[in-house]
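Welcome! Here is a short briefing to read alongside the sequence and the 3D view.

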Amino acid sequence: PGNPTGAYAAYGEHLWIKGDDQGRQYWVILATLLRVLADKGDHVEAGNIVALSGNSGNSTGAHLHLGIETVEQNPGFQDTHDTGFYWQNPQTFMQI
């Protein structure tokens, strides 16, 4: 679960999820949450409810902030917290 202070205070209540897709590591952040339901170390899968969307942090209305980082560089994005991961466009990971 996220801590609404420090570097990510603007995100309010937030949750980082670490994933691996056939050796391709990534991080997902869910932010501006009402409440985090998952605990650190929990194994989560598609369809699990891990948090409730909300209006925390620097938010002007209830919504979900979704971010995805991978080890692959993406032009126009940078490693913002020295992890070796780079922000990606979440839409490229979605089936709509």
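This is a predicted model: local features need pLDDT of at least 70, side-chain atom pairs count only at pLDDT 80 or more; totals for chains, interfaces and linings use all residues.

The protein chain has an average pLDDT of 78, and 77% of the residues score at least 70.

**An aromatic pair**

- Searching the whole structure turns up one aromatic pair.
- It is formed by W16 and W27, whose ring centres are 6.1 Å apart and whose planes meet at 90°, so the pair is edge-to-face.
- W16 sits in strand β1 (residues 13–21) and W27 in strand β2 (residues 24–36), so the pair ties together parts that are eleven residues apart in sequence.

**Nonpolar cores**

- In soluble globular proteins, nonpolar side chains tend to be buried together.
- The largest nonpolar core here has nine residues: L15, V28, L30, L33, V36, A38, V50, A51 and I68.
- Which strand gives the most to this core? That is β2, with four residues.
- Another core, of five residues, lies apart from the largest one, and its members include Y8, I29, A31 and W87.

**A closer look at V50**

- V50 is one of the residues of the largest core.
- If neighbours within four places in sequence are left aside, V50 is in contact with L15, I17, L30, V36, L37, A38 and V44.

Notes. Residues are numbered from 1 along each chain as its sequence is written. Side-chain values use heavy atoms; hydrogens and water are left out. pLDDT is the predictor's confidence in each residue, from 0 to 100. Rings of Phe, Tyr and Trp (its six-membered ring) pair if their centres lie within 6.5 Å; planes under 30 degrees apart count as stacked, over 60 as edge-to-face and the rest as tilted. Helices (H or I, at least four residues) and strands (E, at least two) are DSSP runs, numbered from the N terminus. A nonpolar core is a set of buried Ala, Val, Leu, Ile, Met, Phe, Trp, Tyr and Cys residues joined through side-chain atoms within 4.5 Å. Buried means under 20% relative accessible area, exposed over 50%, partly exposed in between (1.4 Å probe, protein chains only). Contact means heavy atoms within 4.5 Å.
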